[in-house]
Amino acid sequence: MDHDRLMKRARRAYELGRLGRASRFGLLAVPPSVVSVDACTSDLMCGVCGSLLAVLLVAFAWRGETYERAIWPGFLAGITAFSVPLIGSAIGLCAPGAPIPLCLLFCVLGGLAAGAFVGLRMLDSERRATFLIAGISVAGLVGSLGCAIAGIAGVTGMIVGVAITAAPIWIWAQARA
Amino acid sequence: MDRAEQRELHALVVRLASGDRGAFRPVFDRVRPMIERFALRALPNRADAEDVAQQALMKLFSRASEFDPDRDAVSWILGIAAYEVKTARKKRVRSKEELGASGLEEISNPAPTPEAQLIDRDLLGALTEVLGAMRTEDAEAILASASIIERPAIAPATFRKRLQRAMVRFKAAWGATKHGP
């Protein structure tokens, strides 16, 4: 078989191998999605966020390099934002029917923590913009699964929280570079 | 393949494993001749060797993202090639057994007998295992002496001494296997 044809076959094998390995990362989306569907009122929103998260995790793991390195920090940051409203819900402060501003506050707090975590981890990365975008996307989607308990307002609050802490770290890092 | 080239190959395989597509072509260009040489030495039939080399290349690239950076790239690559050689030999033994069962065992065939192939396969597996457990420098010296990889760029006398030491260690390790004395 000629060199170019064999190389094309090898490249296909490489990409399929990466995709097979990356598909395992999609399973990370399952536990938060299941918890979210059980806790929140809008199954549609949880389903959409969970599916988007699974697709994003597989895509980042397949693409590799900085995108893949951002998965775990983003996921762990997102778990923080995901847990805060659920803990609030468990202790009766953020249950459906409870005062929304309090629930919203939990989402914003979780978002602030997630943004700070991804922002600080970004400082160790060579390609900071890519890391930040990938990390925040994952953190945002995981957090959204928890904040869906407070509806669109909760999700928006969490995303605003992420941006409030991640943006200054990004600006500071750019100014120092 | 000398030490610097091995380090370079290792760095390229690590880059490929992390998802850097820019490392694909340089890895392919270095690995293909290495695997082909290995398969040609391990299998008597050229067509079989070419098939095995292609299969080993496909397997290697499909597993490239699972490469552990702490491992030696050359040992990893040759380990995959050795496994493919073993599988090919096993297939040949099986197809020969099937031919024998259908009454064609009388056909004259200059190829090794199934027993000899089984012994070869067994020995190759043990050899791969022993070489994999040895220090990279020792394994390199032995592989270079068998012309599987290129000689390291060192003085011939130094290489002879290194090979001598490697063979002493190899004999000790080989003695510990079931094939030893």
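Residues are numbered from 1 along each chain as its sequence is written, and chains are lettered from A, with ligands numbered from 1, in the order in which they are written. Because the model is predicted, local features need pLDDT of at least 70 and side-chain atom pairs count only at pLDDT 80 or more, while totals for chains, interfaces and linings use all residues; side-chain values use heavy atoms, with hydrogens and water left out.

Read from the N terminus on, its elements follow the order α-α-α-α-α-α-α-α. Along the principal axes, the C-alpha atoms of chain A fill a box of roughly 70 × 40 × 20 Å.

Turning to the interface, 21 residues from chain A and 19 residues from chain B take part in the contact, with contact meaning heavy atoms within 4.5 Å. The two chains bury about 1900 Å² between them, and 56% of this lies on carbon and sulfur atoms. Buried area here is the accessible area (1.4 Å probe) that two parts lose on being put together, summed over both. On the chain A side, A:Leu6, A:Met7 and A:Tyr14 lose the most area to chain B, together 33% of what that side buries.

Helix 1 (3–25), helix 3 (43–63) and helix 4 (65–69) of chain A each supply at least two residues of the side that touches chain B, and helix 1 gives the largest share, 14 residues. By class, this side of chain A has seven nonpolar, three polar and 11 charged residues. For these classes, Ala, Val, Leu, Ile, Met, Phe, Trp, Tyr, Cys and Pro count as nonpolar, Asp, Glu, Lys and Arg as charged, and the others, Gly among them, as polar.

One salt bridge is found across the interface, a salt bridge being a side-chain nitrogen of Lys or Arg within 4 Å of a carboxyl oxygen of Asp or Glu. It links B:Arg21 to A:Glu15, with the closest N and O atoms 2.8 Å apart. A:Glu15 also forms a salt bridge with A:Arg11, at 2.9 Å between the closest N and O atoms. Because A:Arg11 and A:Glu15 are four residues apart in helix 1 of chain A, about one helical turn separates them. Over all chains, the count comes to 15 salt bridges.

The largest pocket holds about 470 Å³ of space. Of the 22 residues that line this pocket, B:Phe38, B:Leu78, B:Thr128, B:Leu131 and B:Leu143 are the closest to its centre. On a 1 Å grid over the protein atoms alone, a cavity is a set of points where a 1.4 Å probe fits but cannot get out, and a pocket is an open set with protein on both sides within 12 Å along at least five of seven lines; lining residues have an atom within 4 Å of a point. Grid points are joined across faces, edges and corners, and a volume is the space filled by probe spheres set on the points. Helix 4 of chain B provides the largest share of the pocket lining, six residues.
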